[in-house]
Amino acid sequence: MNSKYSKTTTNISYVSAIHKSLALLLLVFIFSCNAVKHVKDGEHLLTKNTIEVDGKVNTEERVNNIPLQKPNTTLPIPFTNIPFRLHIHNLARPNIDSILQTKVYDDSSKVRRKTKLLSRKQLDKEILSRKKFNAWLKRSGEAPTILSEDRTERTSERLRKYYYKRGFIDNTVDFEIQRDSNKRAQVKYTVNKNAPYTLDSLITNIKTPIIDSIYNRNTNTSFIKKGQQYDEDNYIKEIGRINNLMRNSGVYHFTQDYLRVEIDTFKTTNTFNAELFITDRVIRDDNNNTRTEPFKVYKIKDVNIFTDATNENRIANKKITDSITSNGYRLYSYDQLKFKPQALTDAVFIEEGSLYRDIDRTRTSRYLNQLQMFKSLGIDYIPNEQDTTLTANIYLSPDKKYSWTNEVNLSQSNIQTAGVALSTGLKIRNAFKGAETLDISFLGSIGASRNSNANDSGVFFDINEFGITAALTIPRFYIPFNTDRIIPKFMSPTTKINITATGQQNIGLDRQTLSSVFAYNWFPSNAVTNNLELFNIQYVRNLNVGNYFDVYANSFNRLNTIAQDIGFIGSDEILLIDDPRSFEPANTFIQEVIDGNTSLTPDDNDFIAVSNIEERRQRLTEDNLIISTNFDYKKDWRTNNTNKFSSFKFHVELAGNILSSIYNLTGSQRNEDGRFEALGVTFSQYFKTEFDYIKYWDFGGKNILAMRSFFGVAIPYGNSDNIPFAESYFAGGPNDNRAWTAYDLGPGRSQNIEEFNEANLKLHFSLEQRFNLFGSIDGAIFIDAGNIWNAFGNVDDDPDSTFNNLEDLQDIAVGSGFGIRYDFDLFVLRGDIGFRTYDPSLNQSNRWFRDYNFGNATYNIGINYPF
């Protein structure tokens with residue numbers, strides 16, 4: 001025993017020594033790098049910009065991005081200020097060509113003695129590789145920011161203009177440069193804003209009467225108000241508002257060029273007047289002569305839809321052979337019309353007799369693109385100046401009716417060492433001539449499990465799954481009544497019908513699944529997505545339930561130990577198992593304990609443990625029938641700047657209510673457990689809801705702070721005492737708490753004794769700082785916190801895994817770590833290392849930083865960001 005303990009201690013000390021040595025080498029590398037290595041005499045490296053506004057240091061991102069010169073980027077790690085990319089750049093040789101010439105070749109271009117082992121061709125390749133590596137260091141690194149007084153002065157002017165545009169017309173800006181003897185410098189900008197200017201009056205000078213009338217009817221939405229502090233952004237927004245207003249009020253020829261605003265300041269009173277000018281329309285004839293005339297309002301006279309306006313048909317000057325009029329629209333086709341007229345007219349928002357509106361063109365383009373029927377589309381207007389009308393021509397170029405997609409994915413998880421999946425799909429466009437899309441896909445996957453008895457027989461790929469899915473998308477609500485008043489067609493309402501059948505052979509508990517979804521989707525705005533699954537039906541049939549204890553070996557081992565401890569089996573029998581690998585003795589032992597035929601009583605901990613094992617086995621092996629109604633709401637505030645946004649997701653689900661109501665009303669019989677059955681299966685009944693919020697802060701230079709918070713709970717009731725395994729929550733894994741592997745964390749402060757730990761309540765929080773190291777390689781530091789618990793009826797007899805009150809929040813697990821990511825543009829390959837910072841499964845006094853080392857870390861590989 002002593003020697004064994006000594007050996008373990010020696011190994012731990014050895015690993016610890018390696019880690020300390022690597023950390024020491026890293027520190028030596030960092031501090032041995034000279035940041036001013038390539039800074040010439042008389043020059044200074046800019047290390048800091050400070051902007052002080054009215055005596056206070058400004059921390060606004062918008063203001064701190066104004067300086068034309070910024071210090072070299074540093075790693076956003078607390079208590080450090082290391083310009084990592086600058087050090088990478090300094091590793092490069094600025095005069096690599098002359099160095100190689102001197103070291104490798106002499107004046108006669110003959111190879112020096114130390115390079116004579118290489119041929120001239122080999123030597124040239126080596127020289128080229130050195131040059132490429134040197135160029136890579138320069139490209140991946142960051143050249144030193146050398147202080148420039150000229151740019152500092154220009155920055156002062158930029159700051160003055162910035163505050164001028166915010167209404168501080170009389171602001172002053174000064175700067176001070178602090179240089180030291182180590183070739184480093186800092187710049188401090190001092191801004192005094194002084195009193196702001198406010199709008200005294202707004203005068204309008206609008207030439208065209210109809211423009212003046214439209215403007216005055218809509219002043220309540222103006223971005224410019226009397227008494228308002230001047231802000232240039234408001235005037236830019238106002239010009240855009242007026243332009244959109246006119247373009248959506250029938251003024252077809254109106255553009256933003258006809259608008260301007262002039263400002264006149266009164267410096268004695270800190271007020272100003274503004275005058276809005278809108279000129280008449282300028283018309284240029286064929287001789288380049290111009291004249292002006294008042295703007296006119298245009299109406300739509302005709303709407304023509306060319307359903308097969310392909311390049312081939314138009315270039316060949318083919319004649320229209322088929323046409324039809326429907327709902328005021330004229331549809332033309334060079335060949336036979338292949339669409340039901342309503343399928344296309346429902347997607348067009350430009351209506352005969354209506355005023356011209358830009359928004360109608362935009363909505364029409366968006367809706368037609370969402371149909372996924374056309375390779376390209378175009379919308380042209382032909383004006384008729386005599387009667388101020390427009391003819392709208394919509395040109396559609398259909399895509400191929402049939403298309404195939406193939407996809408191969410490699411995967412790795414906590415239950416399989418390697419897996420490969422192949423999916424192939426057939427897309428049928430305009431399947432029933434109503435612009436429907438029918439997708440038929442086939443899935444096949446194989447994998448190798450980590451622990452499988454199949455491997456004993458030499459079979460490597462012992463996990464497989466095969467399935468088929470048919471999905472029909474209808475570009476309208478398939479419903480017996482009109483919903484246009486509630487959900488107008490500009491929200492792109494669609495109906496989706498999905499049927500999926502899969503067969504799975506995994507590491508013992510094989511199963512078959514049949515599911516079907518009938519759902520409605522609509523988009524109230526570009527930021528909001530709604531999805532209502534009116535019916536979501538899932539039937540899961542487990543095929544190999546007798547092999548449960550072969551898969552959940554921890555449960556069997558615990559059961560076997562209890563049987564030995566109470567003398568149910570002798571020490572010579574060892575296992576509750578019969579050959580050839582039958583677990584009937586284990587099942588017999590469980591039944592004997594529950595029936596009271598052993599020395600265990602219901603108050604014994606071992607009796608409770610056996611009861612919990614049996615309850616879990618029954619739940620994970622029973623067939624499931626879930627008939628639910630779900631609603632999902634998503635709002636994404638993402639703009640063109642994809643690194644600065646927030647998103648919110650809400651999910652609510654009710655399962656089993658329809659069947660339960662029918663069975664109660666009809667007085668149906670219950671089974672021996674007091675539950676209703678459908679198709680011989682006890683159907684599930686529960687309520688489930690989730691809230692998911694993500695926020696990104698962009699600090700520039702790929703320096704991003706990302707945050708995520710998640711709460712989810714599923715509450716069984718009525719016909720169910722617990723939540724189906726497929727609807728429960730787990731914690732850990734590459735997209736969750738990265739210090740634990742998937743299914744390894746929780747529930748609560750329990751000891752993680754099961755292979756797959758799950759529960760019905762989940763909390764999760766993540767905070768991640770992302771930054772660029774060099775080139776396409778990014779880094780990240782993160783903190784993950786959260787856990788799962790049993791709660792609200794889905795409880796067992798283990799208080800350690802149950803959420804009873806707010807005091808149980810002390811069982812939230814905390815992981816922290818860092819990661820390296822490589823950006824391939826199309827996707828990001830991610831590697832994260834998570835350390836158990838606070839482990840609730842340990843004793844209260846030993847939870848913080850207990851195993852905070854690389855030996856006990858969790859290594860994750862993932863595709864794209866975790867959130």
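A: Let's begin with the names: helices (H or I, at least four residues) and strands (E, at least two) are runs assigned by DSSP, numbered from the N terminus. What you see is a predicted model, where local features need pLDDT of at least 70, side-chain atom pairs count only at pLDDT 80 or more, and totals for chains, interfaces and linings use all residues. Residues are numbered from 1 along each chain as its sequence is written, and side-chain values use heavy atoms, with hydrogens and water left out.

Q: With that rule, how many helices and strands are there in the protein chain?
A: The count is 16 helices and 32 strands.

Q: Where does Asn544 lie?
A: Asn544 is in the loop between strand 21 (528-542) and helix 12 (548-551). Asn544 and Leu509 are 35 residues apart in sequence, yet their C-alpha atoms are 5.1 Å apart in space.

Q: Why is Asn544 called partly exposed?
A: Buried means under 20% relative accessible area, exposed means over 50%, and partly exposed is in between (1.4 Å probe, protein chains only). Asn544 has 29%, so it gets the in-between label. Across the 867 residues of the protein chain, 43% count as buried.

Q: How confident is the predictor in the protein chain?
A: The score to look at is pLDDT, the predictor's confidence in each residue, from 0 to 100. The protein chain averages 85, and 88% of the residues score at least 70. Residues 1-25 are below 50, and that stretch has two contacts beyond near neighbours in sequence (contact means heavy atoms within 4.5 Å). Residues 27-32 are below 50 too, with three such contacts.

Q: What makes the largest nonpolar core a core, and which members touch the most others?
A: A nonpolar core is a set of buried Ala, Val, Leu, Ile, Met, Phe, Trp, Tyr and Cys residues joined through side-chain atoms within 4.5 Å. The largest one has 27 residues, and Ile350, Leu371, Phe374, Tyr381 and Ile394 touch the most other members. At least two residues each come from strand 10 (299-306), strand 12 (329-333), helix 10 (341-345), helix 11 (358-370), strand 13 (374-384) and strand 14 (389-398). Strand 14 gives the most, with four residues. Leaving out residues up to four places away in sequence, Tyr381 touches Tyr252, Ile300, Ile350, Tyr356, Arg361, Leu390, Thr391 and Ala392. Another core, of 26 residues, lies apart from this one, with Tyr548 and Ile562 among them.

Q: How do you know that strand 13 and strand 14 pair?
A: Two strands pair if DSSP finds at least two bridges between them. Gly378 stands opposite Tyr395 in strand 14. The open sheet has five strands in the order 11-12-10-14-13, with mixed pairing.

Q: Why are strand 11 (322-326) and strand 13 called edge strands?
A: Each of strand 11 and strand 13 pairs on one side only.

Q: What makes Arg154 and Asp150 a salt bridge?
A: A salt bridge is a side-chain nitrogen of Lys or Arg within 4 Å of a carboxyl oxygen of Asp or Glu. For Arg154 and Asp150 the closest N and O atoms are 3.3 Å apart, so the pair qualifies. Arg154 and Asp150 are four residues apart in helix 6 (residues 149-165), which means about one helical turn separates them. Arg154 is partly exposed at 44%, and Asp150 is partly exposed at 44%. By this rule the count comes to 44 salt bridges.

Q: Which parts of the chain does the salt bridge of Arg616 and Glu758 link?
A: Arg616 and Glu758 have their closest N and O atoms 3.2 Å apart, so this pair passes as well. Arg616 is in helix 15 (residues 605-621) and Glu758 is in the loop between strand 27 (704-716) and strand 28 (761-774), 142 residues apart. With a relative accessible area of 13%, Arg616 is buried, and Glu758 counts as buried at 4%.

Q: Why are Arg738 and Glu768 called buried?
A: Arg738 has 0% relative accessibility and Glu768 has 0% too, so both fall under the buried limit. Their side chains meet in a salt bridge (2.7 Å, N to O). Salt bridges that share partners join Arg738, Glu768, Arg770, Asp784, Arg821, Arg830 and Asp832 into one network.
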